[in-house]
Amino acid sequence: MNEIDPDETAFSAHPSALQAKLGRVAHQFPQDVVIAARAAAELQFALSVPGDVAAEPWPPMQMRMTV
Amino acid sequence: MSDDHWLTATQISAAYAARKLSPVELVRSLLDRISNHDQHLNAFISVNEQAALDAAHQAELEILAGQQRGPLHGVPIGIKDIIDIAGLPTTCHSKIRLDHMAREDAFVISRLRAAGAILLGKTALHEFAIGGPAFDLPFPPARNPWNTQHHPGGSSSGSGAAVAGGLVPLALGTDTGGSIRNPAGMCGVVGLKPTYGLISRRGAFPLSFTLDHIGPMARTVTDVALTLDALAGHNPGDPGSLRSCTSDFGVDLERGVRGLRIGFVRHFHQTDLLASAEVSAALDEVARVLRQEGAQVCDLQLPRLQEFATVQRVIFHSEAWAIHGKWLRERPGDYSSISRRKLLPGAFLGAGDYVHAQQRRLELVGALEDVFRDVDILMTANSLDTACRIDDAEEFVRTYSRQARSPFNLTGHPAIALMCGLSSAGLPLSVQLVGRPCDEVTLLRTARAYERAAPWHEKMPPMEPSDAARSGQEKAVRLTQSTSGSA
């Protein structure tokens, strides 16, 4: 597993961890939170915007005909 | 010593019909085999010994009375312990679910019971089908029968190990990013992720609603086909369940591949990521065999593997976080470290990321639809490396994402993994074939044609216990089942 820069563990107090209500897990497992936040940031960076932002996302809403 | 444990489901069914084998005899033989070998493999979390024997007695009576229900009647099967069997715990291999008890059968369990299959036990997995080989959980991780020092793939690790190790002829797995095809490939068996919705997911604990699939694992393509026949079917209680399906998926199994057009997605493992030399050479050999059998094999271009992987991961993390967020906030220490690290990214993704990923998903589905206008089957790498050592956490993290499976969870296309060689270290190599939506018939036909021409499935693992297991450092912990008659 990658070693984490000690400065990065300060991330546990980062607003986005608190906003995600990760106080307990950030306190107990700060390295896991740092690794996860980094992974999410990498995904957000890599995710390209869809060619048509107005396109219906998958799966489309379907009406339930139960009556 | 009897070799009954290596019989395929097809052979078992034929032996029952010819009165050369009885279900009770077979179940007893497999229970002995589990007793002798599972202390080294850890493939099962629980074995339903009494219930399996009861079911075997019942099957025996029916078969002797000339009422053989079909090819799965009296055939034992292992169930990944993320799928509900009424009256048994569904632990998901996690501390979080140790006190869980299933009240109803999953849809697939009802289908298996109707087909007369015998539910032999619940198989080990990566925690919640997401973690990895972890040593800080209530149950030890399953090990690879080809070399118990190595990982068996995952997340359906116990199902792969149990089938490859001759502990059971069939097993069910689940697949959200490749979790059937990975252990199938690492353990040298056959694993099918069917078209999304062909097999109802109802009663399997979800990981990612729009990516989850249930599918069969077996030692032969024929066995996978007949298990699929039993499992497929519309379930009005599952919003993702397909309304119409074929009922005989093995109808073309022996038809060969002459005239089929197969697109080899070589860039997945030669440009986008670099497969090991042995994996790459084995895939070239598969292409040669398929050409020799009469298929037209041509190289084909899809979007980059990383494009698929990014979109799949954003969706997976978002959906999995919706399920696990509460537990992770309240009981983080009850998850293995590897699970926490794989589940927490969902906390940092936004709703916009998720919707964009679902929009990108449709664009990628469109890219596959385009290529399927020109070919009948796609051929790709499965894993880009062979199984790493089970205790090498760094190598596990490095190699686990080096795969070409998750694109087809994203698009929903059916995909099958099967053995195509042995590495110099004696570990299985595998190939992945992908079909059009709901065209499992052609997919299984192609897989069977390869299997017939290159019978790697006839190779059995040496089943030598590892030093660690031999020294008793790691003892399999099993739940004891006092209930009978529930299988």
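Me: Contact means heavy atoms within 4.5 Å. On that basis, which residues does B:S200 touch, leaving out those up to four places away in sequence?

Reply: The residues are B:F107, B:V108, B:I214, B:N235 and B:D238. This is a predicted model, in which local features need pLDDT of at least 70 and side-chain atom pairs count only at pLDDT 80 or more, while totals for chains, interfaces and linings use all residues; side-chain values use heavy atoms, with hydrogens and water left out. Residues are numbered from 1 along each chain as its sequence is written, and chains are lettered from A and ligands numbered from 1 in the order in which they are written.

Me: What makes the pairing of the side chains of B:S200 and B:N235 a polar contact?

Reply: A polar contact is a pair of N or O atoms within 3.5 Å; within protein, one must be able to donate a hydrogen and the other to accept it, and residues adjacent in sequence count only if both atoms are side-chain atoms. The two side chains meet at 2.9 Å, which is within that limit. The side chain of B:S200 also reaches the backbone nitrogen of B:R202 at 3.2 Å.

Me: Why is the pair B:R341 and A:D32 called a salt bridge?

Reply: The term requires a side-chain nitrogen of Lys or Arg within 4 Å of a carboxyl oxygen of Asp or Glu. For B:R341 and A:D32 the N to O distance is 2.3 Å, so the pair qualifies. B:R341 lies in helix α11 of chain B and A:D32 in helix α3 of chain A, so the pair joins two chains. B:R341 is buried at 14% relative accessibility, and A:D32 is buried at 2%.

Me: How many salt bridges are counted between chain B and chain A?

Reply: The count is 2. B:R340 likewise forms a salt bridge with A:D32, with the closest N and O atoms 2.6 Å apart. The elements giving two or more residues to the side of chain B that touches chain A are α10 (305-330), α11 (337-343), α12 (351-371) and α13 (393-400) of chain B.

Me: What does the salt bridge of B:R402 with B:D385 tie together?

Reply: The closest N and O atoms of B:R402 and B:D385 are 2.8 Å apart. B:R402 lies in the loop between α13 and α14 (406-411) of chain B and B:D385 in the loop between β9 (377-381) and α13 of chain B, so the pair ties together parts that are 17 residues apart in sequence. Both residues are buried.

Conventions:
Helices (H or I, at least four residues) and strands (E, at least two) are DSSP runs, numbered from the N terminus. Buried means under 20% relative accessible area, exposed over 50%, partly exposed in between (1.4 Å probe, protein chains only).
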